[in-house]
Amino acid sequence: MKFLILFGILFKLSSADFYCDCSNKQTFSAEFNVEWFFAAPDGYIRHVLGINRQFPAPVIHVCKGDTIKITVINKIDAPTSIHWHGMFQYGTLTSDGVPGVTQCAIQPGDYYQYKFHTDYQAGTYWYHSHYSVQYIDGLKGALIIHDPKDPWISAYEDEDILMLTDWYHTLALDLEAYYLSPASNGTEPIPDTALINGIGQYNCSLVNKCSYYDTIIQVNTTKRFRIINTSAFAVFVLTIHGHKMRMIEADGVNLDGNIIVDSLRINAGQRYSVLVHANEQNPKRNYWIQATIDSDVMASAPVQPTVKAILRYVDENGCYVSSKKPINSHLNSTDDNLKILDSIHEGDQFIDIYSSLVPLDSPVPQQSTKKVLIEIEFYANDENVNLAHFNNISFLHLMDTTLLSLTRAQQPYPQSNNVQIIQYGDIIDIILNNHDTGEHPIHLHGHIFWILAAGKTNDGDYNSSQVVLNTLNPLARDTASINPISYMVLRFEANNPGLWMMHCHIDWHLQAGLALVWAEAAELLHYKYGLSKELDVCAAY
Ligand SMILES: [Cu+2]
């Protein structure tokens, strides 16, 4: 691994030259000013919610074991909070960033310090606002924990991030107001375009010259791409024309590398790392990296469902071998790579690739101590607004206090927070039955879970007499997607006292109530977080 730049230069989009000697633990400190500003990521100018007037928000690069200390300063006229997606937050529950659960939302003009270590995890993560629908407007960024002992580190020379997102031209609060009204009938807002690392192509004929994210690969080398789907709604299918991708990481869990794909499908909240090798190809050209929103899961297709970036070959001296844009620049191209992309919509073959991902080293506990059945349903309330339910409860965020405060005061939890009480050391099997016709990427805070079983579309409810659980080598991760009218069995270890939200990472569905909270060894929280001033009754309320 080639490391070039010394510690301290951390706000770079390219992680290729991040230096990590890891001989001593460092603290990454930063101030994050949450502000609105105007930007045109895909050529269409709109108000964007960013950090330090950057969109995408700054990339955080740290080494495993470092501490991250970030002061978030709220310079907008609404409350905010930041969640560090995939961080275990061992001993730092108050940095998990869920308003009404682990902290009071940060009020306008106020600030809040997040501080947590990265001792037990490495890989590809991200962060985003967990308040309302703010991350849809842009409040999100990549968080990479480098590990000099990464088992794949000698297999690549260079790396980069491909942060994908769906993108709307309307402010998220306006879209939400419509979505949570009787008029929408529960149909989620359709994104207008898509972005890779904050750059998209809305209408190339109008704007006359579209911009593309540009990344280089040196002939005869291998590059790691860290792919992050930061969407509100979209599932992406990603291809790198003319190249295969070896999958080596899923949500911070290293894989055995035996799965090699032409295209991969990634749900909101999920991450993958892939290795791409540059020697079998014609080096005298450049290639498209293409991400397309899977519009099969939407009521209608986005205006521009495809976003492209350029993979540009350089020679041994780092000089461009071709300055031309890739061929096949038309979005309706019928070249072979796009055929591969189309083929994954047919049947379940594609889904099987994901159930066959095997972690390199993530042994699953063999027995569970507790089973929890959770059913997903969407139906309208008395006002004819379509809401989302886990076990007939639609989650409502507390505004005036937090579950942590209630825990500390030994007060009962409100029913609308769907709190599931578990004990320290429990091994929980979550049996999820999805009665909805949509797919839902389920994300658990503070943990990874093992996917012991995942049904195909229309398999119906989990049936223990017919399904064999995979306790041999199941994939572990923090976000797994349940198929329409189907089931999943997820196992996790209660080894992290806290109040951990579990929710659908389609942000529209979270706002519609598809969330619950695990109160894990909550009796231990009273002691640890008893004196924190942030836990008082929420100030602005
Ligand atoms: Cu969902």
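These points walk through some features of the structure above.

1. **How to read the model.** This is a predicted model, in which local features need pLDDT of at least 70 and side-chain atom pairs count only at pLDDT 80 or more, while totals for chains, interfaces and linings use all residues. Residues are numbered from 1 along each chain as its sequence is written, and side-chain values use heavy atoms, with hydrogens and water left out.

2. Helices (H or I, at least four residues) and strands (E, at least two) are DSSP runs, numbered from the N terminus.

3. Are His440 and Cys504 buried or exposed? Both are buried, and for Cys504 the relative accessible area is 0%. Buried means under 20% relative accessible area, exposed over 50%, and partly exposed in between (1.4 Å probe, protein chains only).

4. **The Cys104–Cys538 disulfide.** Two disulfides turn up in a search of the whole structure, a disulfide being a pair of cysteine sulfur atoms within 2.5 Å. One of them joins Cys104 to Cys538, with an S to S distance of 2.2 Å. Cys104 sits in the loop between β5 and β6 (111–117) and Cys538 in the segment after α6, so the link ties together parts that are 434 residues apart in sequence. The torsion about its S-S bond is about -80°, so this disulfide is left-handed. Cys104 and Cys538 are buried.

5. **The Cys204–Cys210 disulfide.** Cys204 and Cys210 also form a disulfide, with their sulfur atoms 2.2 Å apart. This link is left-handed, with -110° about the S-S bond. Cys204 lies in the loop between β10 (193–196) and β11 (213–218). Cys204 counts as partly exposed at 32% relative accessibility, whereas Cys210 counts as buried at 14%.

6. **Around Cys204.** Which residues does Cys204 touch, not counting residues up to four places away in sequence? They are Lys209, Cys210 and Tyr212, where contact means heavy atoms within 4.5 Å. Gly43 is 161 residues from Cys204 in sequence, yet the two are 8.5 Å apart in space, C-alpha to C-alpha.

7. **An open sheet.** Four strands make up an open sheet of mixed pairing, in the order β3-β8-β7-β5. The edges are β3 and β5 (82–85), each with a single partner strand, so one side of each is left without a neighbour in the sheet. From one strand to the next, the twist averages 20°; axes are lines fitted to C-alpha atoms, for helices over the stretch in contact, and angles run from 0 to 180 degrees between N-to-C directions. Strand β5 runs antiparallel to β7 (residues 123–129), and four bridges join them. Two strands pair if DSSP finds at least two bridges between them. Look for His85, which stands opposite Trp126 in β7.

8. **Backbone points to check.** Most residues other than glycine have a negative phi, and most peptide bonds are trans. The peptide bond from Phe55 to Pro56 is cis, with omega near -5°, and Pro56 is placed in the loop between β2 (46–51) and β3 (60–63). Ile485 has a positive phi near 45°; this residue lies in the loop between β28 (479–482) and β29 (486–493) and is partly exposed at 26% relative accessibility. Ala521 has a positive phi of about 50° and is found in the loop between β31 (515–520) and α6 (523–528). Ala521 is buried, with a relative accessible area of 0%.

9. **A buried histidine.** Finally, have a look at His243, in the loop between β13 (236–240) and β14 (245–250). Its relative accessible area is 3%, so His243 is buried. The side chains of His243 and Tyr313 are joined by a polar contact of 2.7 Å. A polar contact is a pair of N or O atoms within 3.5 Å; within protein, one must be able to donate a hydrogen and the other to accept it, and residues adjacent in sequence count only if both atoms are side-chain atoms.
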